[in-house]
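Subject: Structure handover and notes on charged residues

Dear colleague,

I am passing on to you the structure we talked about, together with some notes on its charged residues. Please open it beside this email as you read.

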Amino acid sequence: MSARLPVFPLGTVLFPGLVLPLHIFEERYKALVRHLVGLPEGAPREFGVVAIQAGWEVAPAGPPGRSGPPGGDVTLHEVGCTAELRQVTELADGGFDIVTVGRRRFRVAEVDASAEPYLTAEVEWLPEPDGPDEVSDLLATRVISVFRQYLGLIRPDQQEITEQLPEDPTVLSHLVAATAALTVADRQRLLAVDDTAGRLRAELRLLNRETALLRQVRAVPVPLSELAGPPAPN
């Protein structure tokens, strides 16, 4: 089953169930928020969040009186997650502060940069697990154990965090993927895994790798992507 969605390219990966606040200041995304707010009561107010593979979130400024392409010069990853609009605060400058929650994963089939001021895309919904899974339950127990060790190395307040870890394996897999200090590439690979057991197995490998590294160097790695930024306009 396919659908057409507004698309918001970001330098991060959104997972189902995770909260994503955004500050909206570009005209194209102000138009997107106004479109969502103006939908009929009961209509789903959601857009697709897709991590950027190459390029920048903010479109380069063009000559006065002209705007660049709606998506800027970006290349998107193939798999994204919808963001459901939960809260909108309009600002004095015409921008918005919004709060969204990740809902469902999709694969981008085709991107359209001309139909709207913002990007839209034809997407295919990806399957989600339903019902209990004994393998995932066993893996979740192991992931919680390793994740607690990992958090103990990077966060002094990890006890408060680990007390709130979800028992549901799918929810846990998304939370670990979103909160561990992983690169965008690592998170993107986890988002693209279709089954919970496969995602938990991959997280075990990543957490064991990161925990061993932290114990050796006693430092928290910062992904290079987080140190980068778009070039300043001339």
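Predicted model: local features only at pLDDT ≥ 70, side-chain atom pairs only at ≥ 80, totals over all residues.

As a general point, side chains of opposite charge can pair when their charged atoms come close. The structure holds twelve salt bridges, and I describe some of them here.

One of them joins Glu46 and Arg103, whose closest N and O atoms are 3.3 Å apart; this pair links distant parts of the chain, since Glu46 lies in strand β3 and Arg103 in strand β6, 57 residues apart. Glu46 counts as buried because its relative accessibility is 5%, whereas Arg103, with a relative accessible area of 39%, is partly exposed.

Strand β6 (residues 96–112) also holds Arg105, which forms a salt bridge with Asp194 at 3.0 Å between the closest N and O atoms. Here too the pair links distant parts of the chain, with Asp194 in the loop between α5 and α6, 89 residues from Arg105. Arg105 has 0% relative accessibility and therefore counts as buried, and its side chain also makes a polar contact with the side chain of Glu128 (2.9 Å) and reaches the backbone oxygen of Val193 at 3.4 Å.

A network of salt bridges links Asp186, Arg189, Arg209 and Glu210, and within it the side chains of Arg209 and Glu210 meet at 2.7 Å, N to O.

Finally, Asp133, Glu134, Asp137, Asp168 and Asp195 form a negative surface patch; of these, Asp137 is found in helix α2 (residues 134–154).

Best wishes

Terms used:
Residues numbered from 1 in each chain as written. Heavy atoms only, no water. Patch = residues over 30% accessible without salt bridge, like charges linked within 9 Å, V, L, I, M, F, W, Y side chains within 5 Å. Areas by Shrake-Rupley, 256 points an atom, 1.4 Å probe, with all protein chains shown as cover. Salt bridge = Lys/Arg side-chain N within 4 Å of Asp/Glu carboxyl O. Lys, Arg positive; Asp, Glu negative; His and termini not counted. Charge placed at Lys NZ, Arg CZ, Asp CG, Glu CD. Helix = DSSP H or I, 4+ residues; strand = E, 2+ residues; numbered from the N terminus. Buried < 20%, exposed > 50% of the residue type's maximum accessible area, 1.4 Å probe, protein only. Polar contact = N/O pair within 3.5 Å; in protein donor to acceptor, adjacent residues only side chain to side chain.
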